[in-house]
Amino acid sequence: MAEPRALRWPIGLLLLASCTGQFGDLPANDEGGEATAPLCASIEPGESPLRRMTRVEYDNTILDLLGDDSRPARAFVPEEESLGFNNQAAALVVSPLLAEQYMTAAEGIAARAAGKLLGEAPACREAASGAACRGEIAALIASLGKRAFRRPLAEDEIAELAALFDRGLGLGDTPDDASTGLSLVVQAMLQSPHFLYRVELGMPDPVESDVVPLTSYEIASRLSYLLWGTMPDDALFAAAEKGTLGTAAEIEAQARRMLDDPRAREAVKNFHRQWLGLSKIDEIAAGGRDPELYPEYRDELLPLFQAETEAFLDHAIFEEDASVSTLFTASYSMMNRELAELYGIKGGPKGEAFERVELDPSQRAGFLTHAGLLSLYAKPNRSSPVHRGRFVRQSLLCQIPPPPPDVVPEPPMVDRTKTTREQFSQHVSDPGCRSCHTLLDPIGFGFEHYDALGRWRDAENGIPVDASGELTQTDTDGPFDGAVELAHRLAESEQVRACVVKQWFRFGYGRAEQREDACSLSQATEAFEASRYNIRALLVALTQTDAFRYRREIDVGGDVGDDARGASESAPEGEP
């Protein structure tokens, strides 16, 4: 099956999609519709929305494309979040302010890159308008454009950008200033939808099916942005050019190679920052902690809180090849001296570097009992059974919608003669609160051995802590005593394992799961189960699904669509 060498979208359709995040009649689904039993007799890839780069992906791509480490996207307007993630295609629209920021960033990046790129066209230093220079510029545009757009450029695209280079020759300090022309070319590339979005058409369709495999270049981009959060490397581009990203085995081999690269660790950190809320730990500084109750608190602890959980997950997943169970039940963490002192650990680390620290398994188990998460889901003057219970229900069990819009939750006044558990008992007695809080509070009460800084306590306000709780509406229902027992129960929950797959699906594919994704979710889940719930195996499994390898055929409109595929006739054959 021939692989297209150039995929040219009609600009009107592309700009419309850049505003809505979708094409044609493929509706975005932010509701996360439940998948039914898989029917895998036919390929059902679900929707494939047009995906815009996030700020992290933009900065990573600029670094890998041009070696520019200025990270301009940190100043861009923040992404809108959906389903707990900031990379959901339906939410990533381009506002006028963001468009202006793209332009400003492109100008600065291009100015810095032009001189370096000119070294690849030495003839242009002597005579920018000469024939030798024009040949070098065309070659440079083809080479840089292939990496920027993540697929080969069509001849007319190269000609258009070469004409832009010529236009810039008269705008520089001298009539033969090639750097100005190169700057204009780079600016145009960086503001193109083909750079800012992952544009996908799929393979040519000789049998006129409504489902088509993605091209090798499109698979290369899906792999690199899923596992690295950036553009493909030379090995992926070489595989795409050879058409050797068409089979599941070829894709798996690349995925396993990529997971051994340090960039995979950063992508996995990015997932956990959003899934668990780690990126919001620094927001604790806005409310701080009651200085009378928590004199040990200081804002400088917050980056240590986040670093602990990130270092633990990184070590468990990439050093110990951990399963989901280990993430929930490990009796160790990663700490430095200051953090170990807060935990009350004797004989811990002596310096600022993070080290593996063994913990009391009766008090700590996995990330669920880390001080950062316990602090994040707490209040300035006490713990918060509601927030901690909601975190477990929503993030770890993929249950419970947000409260009704007409409900304004009011926590009880702090009463230092009672425990938090006693003060929150009003929730189950208030008819307006009972329906939600019977799901949240019995889980949240299991965390009452931890104060608002995540430190262990046996008593609150002089009263012994009651950390008994109960799980309901799960596959592991029943009473439990304390967060350690809860963590061990969650570690064996099929619902939790399914939720982990679902959360990675949403993050990795940039959208909610749909009914059409039942088979893809089943494919990923079966591989996850076969690996005994190994996280790295799950990431590989995500690259093997129908939703990853295929898309629905898109009609881009008459002859334009035919022309877009016309450059593919001499491409190498690739197996779907």
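Analyst: **Helix packing**

Helix α22 (residues 482-491) is largely enclosed by the rest of the structure, because eight of its 10 residues are buried (under 20% relative accessible area with a 1.4 Å probe, protein chains only; exposed is over 50%, partly exposed in between). Gly482, Ala483, Val484, Leu486, Ala487, Arg489, Leu490 and Ala491 are the buried residues of α22. Helices here are DSSP runs of H or I with at least four residues, strands are E runs of at least two, and both are numbered from the N terminus.

Some bookkeeping before we zoom in. This is a predicted model, where local features need pLDDT of at least 70, side-chain atom pairs count only at pLDDT 80 or more, and totals for chains, interfaces and linings use all residues. Residues are numbered from 1 along each chain as its sequence is written, and side-chain values use heavy atoms, leaving out hydrogens and water.

Zooming out for a second, the protein has 27 helices and 12 strands. Of its 576 residues, 55% are buried. Take the contacts (heavy atoms within 4.5 Å) with a separation of 6 or more: 70% of them join residues 24 or more positions apart.

Now for the part I'd look at, helix α7 (residues 178-190). One partner is helix α6 (residues 155-169), whose axis comes within 7 Å of the α7 axis and crosses at roughly 140 degrees (axes are lines fitted to C-alpha atoms, for helices over the stretch in contact, and angles between N-to-C directions run from 0 to 180 degrees). The crossing of α6 and α7 is right-handed, that is, the near helix is turned clockwise from the far one by less than a right angle, anticlockwise being left-handed.

Who touches whom? On the α6 side you'll find Leu161, Leu164, Phe165, Gly168 and Leu169, and they meet Ala178, Thr180, Gly181, Leu182, Leu184, Val185, Ala188 and Met189 of α7. This α6 contact with α7 splits into 10 nonpolar residues, three polar and no charged (Ala, Val, Leu, Ile, Met, Phe, Trp, Tyr, Cys and Pro count as nonpolar, Asp, Glu, Lys and Arg as charged, the others, Gly among them, as polar).

The other partner is helix α5 (residues 131-149): its axis and that of α7 come within 11 Å and cross at roughly 25 degrees. So α5 and α7 are roughly parallel to each other, and α5 also passes α7 in a right-handed crossing. From α5, Ile137, Leu140, Ile141, Leu144, Gly145, Ala148 and Phe149 meet Leu182, Val185, Val186 and Met189 in α7. Here the tally is 10 nonpolar, one polar and no charged.

Gln187 also sits in α7. At 17% relative accessibility, Gln187 counts as buried. Setting aside neighbours within four places in sequence, Gln187 is in contact with Ala106, Glu107 and Ala110.

Finally, confidence. The mean pLDDT (per-residue predictor confidence, from 0 to 100) is 87, and 83% of residues reach 70 or more. Over residues 1-39 pLDDT stays under 50, though the model has 116 contacts beyond four places in sequence for them. Residues 558-576 are also below 50, with 41 contacts beyond near neighbours in sequence.

Conventions:
Parallel < 35°, antiparallel > 145°, perpendicular 65-115°, else oblique.
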